[in-house]
2 protein chains.
Amino acid sequence: MTTLDTLAAPPLEPAPTRTPALIAALTAPKGFGDATLRDRRTDAIELLGGIPDAAVLPASELAEATARVLSRPGLPALQYSRTEGISPLREWIAEREGVSVDRIVVTNGGFHGLSLAIQSTLERGDLVAVDNPIFPLFLRGLELADASILPIRVGSDGLDIEHLRDELRAGARPAALYTVPDFHNPSQGTLPAEARRELVDLAEHYGFIVYADNPYRELWFGDAPESVDAFNSSDHVIHVNTFTKTLGPGLRLGWIVVPEPLRPAITALRSRQDSHSSTFVQAVVGELVTAEPTLFDSTLQRARRLYRGRAERLVAALEREAPGSFETVLPGGGLFLWPRLTDDAVDPDRLAADASAEGVEYQRGSFFPSGPGTDSDRHLRLAYGHIPEPQLDEAAARLGRALRRQLD
Amino acid sequence: MTTLDTLAAPPLEPAPTRTPALIAALTAPKGFGDATLRDRRTDAIELLGGIPDAAVLPASELAEATARVLSRPGLPALQYSRTEGISPLREWIAEREGVSVDRIVVTNGGFHGLSLAIQSTLERGDLVAVDNPIFPLFLRGLELADASILPIRVGSDGLDIEHLRDELRAGARPAALYTVPDFHNPSQGTLPAEARRELVDLAEHYGFIVYADNPYRELWFGDAPESVDAFNSSDHVIHVNTFTKTLGPGLRLGWIVVPEPLRPAITALRSRQDSHSSTFVQAVVGELVTAEPTLFDSTLQRARRLYRGRAERLVAALEREAPGSFETVLPGGGLFLWPRLTDDAVDPDRLAADASAEGVEYQRGSFFPSGPGTDSDRHLRLAYGHIPEPQLDEAAARLGRALRRQLD
């Protein structure tokens, strides 16, 4: 068991007034979060974040949908709406998730879904089982409940269910568990169908809530991803999704599939925080996905082709520019490559610094462990989604030069 | 001193999992909040909420601004952005408020600004001085901090500073104070310049934070409202505003002017809840208000004329349809009339029921006290902003008939 304190930066500077406990538990960014604050070369290639490419976002279709919703009598798109979200967007999401519409709560994006889950299901100081390695910003979200964490290994097939089972049998009693089941961030794996079922069985048996965080789910390259039925049919899962990676992070629009018994708490909380997600954004996206029923999937098809091509290009370029230096696995989907340094003599912090000097920025693997026992520090997280192929070649070349600064 | 418990409905139904303290403090809607849940006549005229009229929302201009921002290279409107908000919107707000841009945090509307203020400045169980009568949803927001309240009288000039001073001298030590300084909701008054200064002096002397909630500020009918300089120049005020009443509630877009020392706490909290307000909505509104610099003010001028005309029409109609039955004050701005029943023999609850049967819905005054000592139950809150003048006449006629059911 690791507490967040062992990972956390110093607390925020105190304000002149007294600082509430909620705020006192929030720490200043360090590591992953402040990588974007460094000085860098103006021509740096930034493989930092899981950012969708503007080329596959349906901009003109969004503008047209906006014009249509803003021409409707009474302008419902500019008025107050229900806390849970509006029609037809909510119905469209429910049908896609295969659940009743009552179980859909529209959010301001995936992270917002996680924060609502944290705030509505965790008591302050609770223990939460989490991916190890992990999407680090989730740990920052957990500060909202001043939670402690129980790191669970993540391997090439996602969360290690046997490790989780062992911890539970040994007496660990988490209130919740966080995992990214599809195209794991950062480590690429996907949780198999049987493991999803076992995870849900454990949650129901031991009485914890699974936060299944699925922002990359729609961005699959080969076969469609595993079913989410196990998640969507349990009272012990909050299934978190978003339009962030498919229609654009700037919309701030996502959804959670919530168990019926949790919905009153989540909507009561939501109605006291920001009332509801923008009716305007919901109306525009609802119009976009329903006016022309094939548009969303054809948008996704273009995106999948683009990202798959970029993933393949980056893998090939790394092997060309630094032969044998990286062990890579071609991603099955998503926006990240998680190559491992094969040579133990390479210092990964020096590599990141040299790469920055050569003009390529990425997230170093050491930002991602939630506890001991991983080889994350031997990895790099390379985000390729928004980088054109010639720049991926150049990024790999720069990375190769950075490596050779240590090895030659 | 009154605790929220004495006003509150029963707690939410428990979920099968344990309920965190944050959630346990949230109550089911009662009174003000569930008035919209009643069965009513299909031809009912609803004077319920402070809703802007679609006729004075700049719909086509918003559609055009959307088309422009979605044609920009790289689609910044669809990408992640800063927690505090984006340019040029944030700069435009800062200039209008007369503060440095660093002090503006863009929010998802006025209520969201209040919730951020509550969560970032209150310890659980704190005492908060509040308007009496009050905008009731603020009390629901206070449940986020499980706060107790100290009701302070509100008169025809807004918050009664002498009452507040007496309470402070007698030993009350609130952590914060909530008031609507301009065109008070529900009771119409505006806090004079001198009282604003005195309020801020008291806040600085006794060490509490003022939440100055100002959604109606721009909707003035005669002279421009009092200056907000006293609020915007103190480290003890969070000044809350929104585009809700001017460009539309459905945008979910507002802002807070925050004291520098509180900004780290507020942005740290915000970044863990929903990251930032929709870049898309911010970009569209930023484009709207900056591309044609006179557009926002000319939109406001049309809205002021419309609402002023409706306020005058409603006052005249009430006097015509129920001569002498209501004491009214022509509003100086905003969206509400707060007439007082002159005849003590009238039962206000029966009046509301009879009015509903006649086909007119409003918020009864008894929903608005935060404590004893008001005559709010003798008042009606009539929202006229979104009701065309012939319907205001008809609403007054129905209200007159409802009154005569008791008096004849």
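Visitor: In S15(B), which residue is the bridge partner of B:Arg364?
Guide: The partner is B:Leu380. Keep in mind that this is a predicted model.

Visitor: Which strand pairs with S15(B) there, and is the pairing parallel or antiparallel?
Guide: Strand S14 (residues 360–364) of chain B pairs with S15(B). The two are antiparallel and share two bridges.

Visitor: What about strand S12 of chain B?
Guide: S12, residues 336–337, also pairs with S15(B). Again the sense is antiparallel, over two bridges. In that pair, B:Leu337 stands opposite B:Leu382.

Visitor: Which way do the residues of S15(B) point?
Guide: B:Leu380 and B:Leu382 point one way. B:Arg381 and B:Ala383 point the other way. All of them are buried.

Visitor: Why do they alternate like that?
Guide: In a regular strand, side chains alternate between the two faces of the sheet.

Visitor: Over to chain A. Are the faces of S15 covered or uncovered there?
Guide: Both faces are covered. A:Leu380 and A:Leu382 are buried on one side, and A:Arg381 and A:Ala383 are buried on the other.

Visitor: What is the strand order in the sheet of chain A?
Guide: The order is S2-S14-S15-S12. It is an open sheet of four strands with mixed pairing.

Visitor: Which strands sit at the edges?
Guide: Strand S2 (45–47) and S12 of chain A. Each pairs on one side only.

Visitor: Where does the mix come from? Which strands pair in the parallel sense?
Guide: S2(A) and S14(A) pair in the parallel sense, over three bridges. A:Leu47 stands opposite A:Tyr362 in S14(A). S14(A) and S15(A) run antiparallel, joined by two bridges.

Visitor: New topic. How many residues does each chain put into the contact?
Guide: Chain A gives 66 residues and chain B gives 66 residues.

Visitor: Which helices of chain A supply at least two residues each?
Guide: They are H1 (21–24), H2 (59–69), H4 (110–121), H5 (136–142), H9 (263–273) and H10 (279–291).

Visitor: How many residues on that side are nonpolar, polar or charged?
Guide: The side of chain A that touches chain B has 34 nonpolar, 23 polar and nine charged residues.

Visitor: What rotation superposes chain A on chain B?
Guide: A rotation of 180°, with 0.0 Å of shift along its axis. The RMSD is 0.0 Å. That is the relation of a two-fold axis.

Visitor: Why do we say the copies meet through the same surface?
Guide: 100% of the interface residues of chain A are also interface residues in chain B, so the copies meet through the same surface.

Visitor: Let's do a helix. What span should H7 of chain B have?
Guide: H7(B), residues 193–206, has 14 residues. At 1.5 Å a residue, the helix should span 20 Å. The C-alpha atoms at its ends are 20 Å apart, which agrees.

Visitor: Which residues of H7(B) are buried?
Guide: B:Ala195, B:Arg196, B:Leu199, B:Val200 and B:Ala203. They cover an arc of only 135° around the axis, which puts them on the same side of H7(B).

Visitor: And which exposed residues are on the face turned away?
Guide: B:Glu194 and B:His205.

Visitor: What covers the buried ones?
Guide: The cover includes strand S6 (158–159), helix H6 (161–169) and strand S7 (176–179) of chain B. Strand S8 (209–213), helix H8 (229–232) and strand S9 (237–242) of chain B are also included.

Visitor: What follows H7(B)?
Guide: B:Gly207 follows, and its phi is positive, near 80°.

Visitor: Now H7 in chain A. Is A:Ala195 buried or exposed?
Guide: A:Ala195 lies in helix H7 of chain A. A:Ala195 is buried, with 21 other C-beta atoms within 10 Å. Buried takes 20 or more.

Visitor: What does A:Ala195 touch, beyond four places in sequence?
Guide: A:Asp157, A:Gly158 and A:Ile161.

Visitor: Last one. Where is B:Ile118 found?
Guide: B:Ile118 is in helix H4 (residues 110–121) of chain B. B:Ile118 is buried, with 26 other C-beta atoms within 10 Å. Leaving aside neighbours within four places in sequence, its contacts are B:Gly141, B:Leu142, B:Leu144 and B:Ala145.

Conventions
Residues are numbered from 1 along each chain as its sequence is written. Chains are lettered from A and ligands numbered from 1 in the order in which they are written. This is a predicted model: local features need pLDDT of at least 70, side-chain atom pairs count only at pLDDT 80 or more; totals for chains, interfaces and linings use all residues. Two residues are in contact if their C-beta atoms, placed from the backbone, lie within 7 Å. Ala, Val, Leu, Ile, Met, Phe, Trp, Tyr, Cys and Pro count as nonpolar, Asp, Glu, Lys and Arg as charged, and the others, Gly among them, as polar. A residue is buried if 20 or more other C-beta atoms lie within 10 Å of its own, exposed if 12 or fewer, and partly exposed in between; C-beta atoms are placed from the backbone. Two strands pair if DSSP finds at least two bridges between them. Copies are superposed by least squares on the C-alpha atoms of residues with pLDDT of at least 70 in both. The expected span of a helix is 1.5 Å times one less than its number of residues. The arc is that of the directions from the helix axis to the C-beta atoms.
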